[in-house]
Amino acid sequence: MSANLALAMRLLRREWRAGELRVLLFALVIAVASVTSVSFFTDRVYQALLSQASDLMGGDLVVSSDHALAPDYAAQAITRQLQAVETRTFPSMVLGPKGAQLAMLKAVQTGFPLRGTLRVTDAPFAPDRVADGIPKLGTVWVEPRVITALGVKTGDTVTLGAKTFTVAAVLTGEPGRGGDMFNIAPRVLLNLDDLAATQLVQPASRVGFALLLAGPAPIIADYRLMVEAKAERGVSAQGVQDARPEIRVALDRAGRFLSIAALSSVILAGVAIALAARRFARRHLDSSAVMRCLGASQQTIARIYAYQMLVLGVAGSLLGCLLGYFAHLALVAALGSLVGVDLPAPSFLPAGVAFTTGIATLIGFAMPPLLQLKNVPALRVLRRELGALGAPGKLTYGLGLSVLAGLMFWQAGDVKLGAYVVGGTLVALILLVLIALGMVSALRVLRGRPGSSWRFGLTNIARRSAGSVVQVVAFGLGIMALMLLTVLRGELLDEWQKTLPEDTPNRFLINIQPAQIDELKKFFADNGVKAPDFYPMIRARLEAINDKIVNTTTLQDERARRLAEREFNLSWADTLPKDNRIVEGKWWSPPDYNKPLLSIEEGIAKTLGINQGDRLTYSVAGEKFTGEVASVRAVEWDSFRANFFVMGAPGFLNNFPATYMTSFYLNGDRHQLLNDLLQRYPNVTVIDVAVIMAQVRSIVDRVTMAVEYVFLFTLAAGLVVLYAGIQATQDERLLENAILRTLGGSRRQIMQALAAEFGALGALAGLMATALAAILAYVLATQVLNVPYHISPILWILGVLGGTLGVGMAGVLGSRHVVSQPPLATLRRVTA
Amino acid sequence: MSHTHTPVLVVEKLGKRVDMPEGQLEILSDIDLSIFSGESIAIVGPSGSGKSTLLGILAGLDIPTSGRVLLNGEDFFRLDEDGRARQRGALIGFVFQSFQLLPSLTALENVMLPLELNDLPHPVETATDVLQRVGLGARLQHYPRQLSGGEQQRVAIARAFAPKPKLLLADEPTGNLDSRTGGQVIDLLFELNKERQTTLVLVTHDDNLARRCSRRVVMTSGQMSEHA
């Protein structure tokens, strides 16, 4: 075995020196470098997005509990060198000189928030600033509504339980605020060390305890696992992705966009390596036969090639990883200021993915033909026609395809996305093979007929049928991956950006009484604010599912328990709200009005185990009603429009007491308008989602930028596919053109034939690739990314023209040396 | 030419048939042949007479449909393919019409290859010696593409003799060479054969070449007859 290894290495060294490995190694290094740089970059951008989103929560992880957390939670954080601060939250009355207001008190420790900032101002709705620390002992920071309701200003005093505090600032921004948008009393923030003196926390008080944590992502993930493993009743861990639906949806979508970009580079890498590996195997047919003749056993030959591929795979992949790493550093340096945040240190997972892509694709695609080499009969030394490698697409490539499919699933990190991209690529592969075979047999009719060099070029496609099929498939898949990325960075990202136009509502008004609707409409009209729509809201609690009382203590899932315990806002509408899509059942039509029908959002339905046809019983202020789930809806939460988990058919809920809500867009400099509004309608609550919206916008912007730059890197892998694709038939072409030259063929005729051949291959590949990319993009847009997509005619022009010209020109240029070599030299070399 | 009475290769009732669309085609039938150590034997005959098929079977590269071949007293076709490869490595050297040098290896490395594959000692020294013997001492680091046809065939001869085989099989060794170069290559082949006491079996069209061998067998439509 060691003798084989040593021999394999000696042969590898000799082949390297002779230049035999250049195409393969080049394809491997560039493909792996492309996957590495793309994966590193997308991973870091995604990590940056996550850490930025953590600003909204005040930490990377929040452990919440309905009872005091055992000291072990903080101790475990200290052991892991995580930053940690505690908070307590509970509702209480705040007393001021003019009355009382129910507020949500939050007592915080020095260091809060670990992520993001607190923002304060001196008067409600005046320009604010980043706060310095937390409220000092004896002081509180309060939200504008407390100021309005109690008629106080900064410097005045308010009473919380047994202690009087000075209002030191007006609180305008707080991470973690608005976790439950429609269920909030105004915030009063105080120092945790003051809490005991208020004597508000008694054994029966409903206090929310929380431990906020921040630190490196893997340690946070580990800590979270520890919390989940404890599975302590009433304790739950929330990461940023579980926090706000808008951010979660935007992050998920960002992740998918970045995954598709990275997957495109994996497809290209796979094609490039597969092509180069196939060429390597073909060029070693004779060597295998000679070695068999010289006494090498099948096992020896198999081992020699296996060792060679392993060493080549490891070396090429390592080199590719290094190159990709440095390329991504250059990208980060170039984009540093544009990305706008400090990118977190890279995790080394992307290098692992790329390394495995390199080795696994090389072995997956190179080993089947190389293992065939061991079966090359030694008699080939006497009869060359024996032992030719089988055509592509046969089962021998099943291993390579399975490996690549597995890697794509891994890279996708999402079963649905993985299934669509892998399935789409496989379907594309099969269709490309079939179409290429069809073209080969269609062009066969030209064989044997006299004609121009153009015709000769086209019949070449039919004569070199196996090579032509390989080329159409390779060029087709390559162009498809590039087109998919083109659509992704163009139309699909545009559509996502369009979901959040400049005037997207950034303020929500809730608790509006029915009688105030007309007045408010007038108020908005007088102030030049676009008249918003008003939606009814009924606060209800879920009592029973299919007449079975909901027992929150038996629910295993913490989120399900939270959802079941709280009050829901129900609404009704005659038309399906924009950004909602029916996934099960159907939306009601006029004959269904007044019937007890409900429509439920799919996420909450899944969490609570509710299906279409189930009967839900709610109680509203003690009165119960039951409705049947007529439909399940998917909701685009990151659209920032008013959306509801549960909606009823018109007429069904009209008799229950309702308040109304609306949303509108307010320019940043019109704070006074809100002051006026709150003074006139003190019962109304304003919720500012501008910060969250800015966060979602920045996610979209950064993903756009990342995909844009990733595109450039992926192009490099595309060029390798082009190069390796042209090389695929170069050996046969060399001999053929030497014979043509010997028979008097002019350089011009041969060049024309080459242009016709590669132009036709490129046109067919481009046409097929565009069609396949458009279909795949449509499926991904509607099923995975949830954005609308319309196939652009420019895509067809780009694909077909790009394919014809790109492949045609590259083919002619890449084959020039075939024509420029003296025919005798070629003949002697090839026939020797 | 002196030779002992131990046959290196014995062929008994050898036949080879292949299936063709129009029925079975008999390429070789009832071939009997004994080749003794130190002999040189030419297999001649027109194209399509079965010479190369016979050579392929003698080398264990092809399988007969009937009869047997004893190499050094052992039934060659009772071994599996890997067993025959080992026997080839240990006992047989080859010279082909189309040279069959590996293009990515230098002249020296091509000659070293059978020594390395069969784990023989001192491959560099042995290969260098043989290449010097065939007059290519100055061309050790040249690739096949940098050598003329005659030089390439001399490298192939050096490769065949390097592992000191008992039996040397040559398939039209001058077929790709002009007559002058061909003559030089044949001189070399016979000199080495004599020096190293190898048994030589060669397939050729060339009567002059055939006459230099100690024995001559003629193939006609798959049948063999021996001429003195």
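Here is the tour, stop by stop.

**Before you click.** This is a predicted model, in which local features need pLDDT of at least 70 and side-chain atom pairs count only at pLDDT 80 or more, while totals for chains, interfaces and linings use all residues. Residues are numbered from 1 along each chain as its sequence is written, and chains are lettered from A and ligands numbered from 1 in the order in which they are written.

**Stop 1: colour by confidence.** For the complex, the predictor gives an ipTM of 0.82 and a pTM of 0.70. Now colour by pLDDT, the predictor's confidence in each residue, from 0 to 100. Chain A has a mean of 81, with 89% of its residues at 70 or more; chain B averages 87, with 97% of the residues scoring at least 70. Within chain A, select strand β6 (residues 139-142), where confidence is highest at 94, and then α25(A), where it is lowest at a mean of 59. A contact here means two residues whose C-beta atoms, placed from the backbone, lie within 7 Å.

Stop 2: Switch to a cartoon and you have 25 helices and 22 strands. These are DSSP runs numbered from the N terminus (helices H or I, at least four residues; strands E, at least two). Of the 832 residues in chain A, 47% are buried, that is, with 20 or more other C-beta atoms within 10 Å of their own, C-beta atoms being placed from the backbone. Among chain A contacts between residues at least 6 apart in sequence, 85% join residues at least 24 apart.

**Stop 3: where A touches B.** Bring chain B back: 26 residues of chain A are in contact with 31 residues of chain B. On the chain A side, highlight α1 (2-18), α9 (285-293), α10 (298-339) and α25 (823-831), the elements that give two or more residues. Which of them gives the most? That is α9(A), with 6 residues. The chain A side divides into 13 nonpolar, 7 polar and 6 charged residues. Nonpolar covers Ala, Val, Leu, Ile, Met, Phe, Trp, Tyr, Cys and Pro; charged covers Asp, Glu, Lys and Arg; the others, Gly among them, are polar.

**Stop 4: a helix pair.** Finally, select α22 (residues 747-785) and α23 (residues 793-814) of chain A, which pack at an angle of about 150° with their axes 7 Å apart. Axes are lines fitted to C-alpha atoms, for helices over the stretch in contact, and angles run from 0 to 180 degrees between N-to-C directions. α22(A) and α23(A) are therefore roughly antiparallel to each other (over 145 degrees). The residues of their contact divide into 15 nonpolar, 11 polar and no charged.

How values were computed: Angles under 35 degrees count as roughly parallel, over 145 as roughly antiparallel, 65 to 115 as roughly perpendicular and the rest as oblique. A residue is buried if 20 or more other C-beta atoms lie within 10 Å of its own, exposed if 12 or fewer, and partly exposed in between; C-beta atoms are placed from the backbone.
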